[in-house]
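This report describes selected local features of one protein model.

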Amino acid sequence: MGEVAKQGRTVLFVSHNMAAVRSLCSRAVLLEQGQVVNTGPVGDIINQYLDGAAGKQGERVWDDLATAPGSDRARLCGIRILNAEGHVVDQANLSDAVHFEVEYRVMVADSVLTLSLSVLNPEDVTVFASTNLTDTQRYATPHAVGRYKNLCKIPPNFFNAGRYSVTVLLVERGRHVVAQAARAVSFDMIDLGEQRGGYFGSWGGVVGPLLEWSSSQRALTASSESDGVNANG
């Protein structure tokens with residue numbers, strides 16, 4: 001498609017894959033229920049699309065259980081982005097911890113459920129995915145009827161700067177998706193330069209962990225000193 005476009009022919013590419021749209025297109029048209037909302041440079045339109053799709057909100061709650069994502073077996077009740085103090089946020093500093101909280105309601109006893117979440121960037125690249133594998137109380141175990149809350153903790157200095165959104169799945173017996181909420185919440189990670197040292201550019205990469213480094217100085221020997229003199233000479 002890219003080669004055809006370079007030949008001067010017009011190509012209309014319709015997709016929800018933002019990476020493909022950004023790669024193939026220079027301009028974009030945003031549609032909503034069949035109506036043109038906006039046209040313009042592809043980067044601007046993608047940002048507007050993501051603002052509308054994810055809502056750039058740190059909390060999504062379904063008060064009406066009948067319309068909440070799920071089935072008559074289990075339904076999602078709420079998804080939240082929290083800071084370390086437990087407050088809902090839609091942005092955080094790179095040096096802040098970020099917690100994802102998911103609430104769901106089980107209506108059928110002994111349902112064996114697991115939670116899965118994916119964090120995506122604006123190009124629809126999955127930054128990482130995780131399940132509640134380390135939750136020994138609830139992972140892949142039968143649930144009694146009731147309401148449950150799960151918390152996934154992301155440590156400080158994990159994300160890179162940018163916007164992210166979260167998709168949540170509630171899966172029964174590891175095979176059947178009971179509930180799905182795509183890009184239900186979103187948040188921005190803000191770079192205040194706290195871990196940059198003297199560097200003022202942007203960090204590359206999908207994530208930006210602050211890794212542990214160490215160093216040591218080797219003792220010089222007569223042979224190494226001689227090698228150094230010879231090399232410089």
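Which element gives the largest share of the lining of the second largest pocket? The strand β10 does, with four residues. The model is predicted, and the values that follow should be read with that in mind.

**The second largest pocket**

The second largest pocket holds about 230 Å³ of space. Its lining consists of 15 residues, of which T131, N132, N150, L151 and C152 are the closest to the pocket centre. Two or more lining residues come from each of β6 (98-106), β7 (111-120), β8 (126-131) and β10 (146-154). Sorted by class, the lining comprises seven nonpolar, six polar and two charged residues.

**Salt bridges**

Side chains of opposite charge can pair when their charged atoms come close. The structure holds eight salt bridges. Three of them are listed here with the distance between nitrogen and oxygen.

| Salt bridge | N to O distance | Sequence separation |
|---|---|---|
| E103 and R80 | 2.7 Å | 23 residues |
| E101 and K149 | 3.9 Å | 48 residues |
| D188 and R163 | 3.2 Å | 25 residues |

The salt bridge between E103 and R80 has its closest N and O atoms 2.7 Å apart. This pair links distant parts of the chain, with E103 in strand β6 and R80 in strand β4 (residues 74-82). Both E103 and R80 are buried.

A salt bridge also joins the side chains of E101 and K149, at 3.9 Å from N to O. Here too distant parts of the chain are linked, since E101 belongs to strand β6 and K149 to strand β10. Are E101 and K149 buried or exposed? E101 has a relative accessible area of 10% and is therefore buried, the limit being under 20%. K149 is exposed because its relative accessibility is 55%, and exposed means over 50%.

With a relative accessible area of 10%, D188 is buried. R163, by contrast, is partly exposed, with a relative accessible area of 22%.

**Positions in loops and at the surface**

M1, V11 and L24 make a nonpolar surface patch of about 230 Å². Of these residues, V11 is found in the loop between α1 (2-6) and α2 (18-24). The relative accessibility of V11 is 33%, and V11 therefore counts as partly exposed, a class that lies between the limits of 20% and 50%.

A further loop, between β3 (59-61) and β4, contains L65. The relative accessible area of L65 is 27%, which makes L65 partly exposed. From C-alpha to C-alpha, L65 and Y104 are 9.9 Å apart in space, although 39 residues separate them in sequence.

Definitions and conventions. Residues are numbered from 1 along each chain as its sequence is written. This is a predicted model: local features need pLDDT of at least 70, side-chain atom pairs count only at pLDDT 80 or more; totals for chains, interfaces and linings use all residues. Side-chain values use heavy atoms; hydrogens and water are left out. On a 1 Å grid over the protein atoms alone, a cavity is a set of points where a 1.4 Å probe fits but cannot get out, and a pocket is an open set with protein on both sides within 12 Å along at least five of seven lines; lining residues have an atom within 4 Å of a point. Grid points are joined across faces, edges and corners, and a volume is the space filled by probe spheres set on the points. Ala, Val, Leu, Ile, Met, Phe, Trp, Tyr, Cys and Pro count as nonpolar, Asp, Glu, Lys and Arg as charged, and the others, Gly among them, as polar. Patches are made of residues with over 30% relative accessible area and no salt bridge: like charges are joined within 9 Å, nonpolar side chains (Val, Leu, Ile, Met, Phe, Trp, Tyr) within 5 Å. Accessible areas come from the Shrake-Rupley method with a 1.4 Å probe; for residues, only the protein chains shown count as cover. A salt bridge is a side-chain nitrogen of Lys or Arg within 4 Å of a carboxyl oxygen of Asp or Glu. Buried means under 20% relative accessible area, exposed over 50%, partly exposed in between (1.4 Å probe, protein chains only).
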